[in-house]
Amino acid sequence: MTISGWPVDERPRERLLQHGPEALSDAELLAIVLRTGVSGKTAVDLARSLLARFGGLRGLLAVEQRLFCEAPGLGPAKYAVVRAVLEMGRRHLGESLRRETVLSSSLVTRRYLTAAFRDRPREAFACLFLDVRHRLLVEEILFEGTIDAAVVYPREVVKRALFHNAAATILVHNHPSGLAEPSLADRDLTTRLTEALALIGVRVVDHLVIGDGHIVSFKERGWL
């Protein structure tokens, strides 16, 4: 039986409209995005099999296009839809962050950075450049490296801070290993960047290291 033949109060789309998206399971939400199933499977059945195949929503959303399209019933069109949904979620968090003072919205900031950095396969280093009221001017990924390390040049960070006329910045980088604990190299880099930016009157407010479900703050550790 297709979903259109189900009782109305059991169809994912109708349940979402009546009860809100939070009432739906991961499979039901994914089924709405996929829209159609395949021969012998409804969209919900297909969604359940995909979540099992890739280890849940996070695994599905992080999988590369080739592996995604190898799954039965999937192809470039559905991959594009899923990636678009993911990007809209990230941009929504980013807009929420821009409407508030970054330092007073630490939960929003951390949610956004986790969504943006946690599943990157390579280490990336970014700066959140802030104005004098610590509102976000722009977020820039300045360096990307191998899975082990990114080469960060203080000169380039200073140039970008001057370009944006920033008054302060929050440094951010991820650890693809999943372990958020900062290394000695991370601490040394933070010291060098703090000193270089201080010469142009830009304050380093924090350095956040993104791991798998955990963020380490240099400020909270008392290192800044």
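Modeller: About 310 Å³ of space lies in the second largest pocket. A pocket here is an open set of points on a 1 Å grid over the protein atoms alone, where a 1.4 Å probe fits, with protein on both sides within 12 Å along at least five of seven lines. Grid points are joined across faces, edges and corners, and the volume is the space filled by probe spheres set on the points. The lining consists of 18 residues, and those closest to the pocket's centre are Ile3, Ser4, Arg35, Thr36 and Ala43; a lining residue has an atom within 4 Å of a point.

The model is predicted: local features need pLDDT of at least 70 and side-chain atom pairs pLDDT 80 or more, while totals for chains, interfaces and linings use all residues. Residues are numbered from 1 along each chain as its sequence is written, and side-chain values use heavy atoms, without hydrogens and water.

Two or more lining residues come from each of α1 (12-19) and α2, and α1 gives the most, three. Helices are DSSP runs of H or I with at least four residues, numbered from the N terminus. By class, the lining has seven nonpolar, six polar and five charged residues. Asp, Glu, Lys and Arg count as charged, Ala, Val, Leu, Ile, Met, Phe, Trp, Tyr, Cys and Pro as nonpolar, and the others, including Gly, as polar.

For reference, the largest pocket holds about 920 Å³ of space. Its lining has 18 nonpolar, two polar and 12 charged residues.
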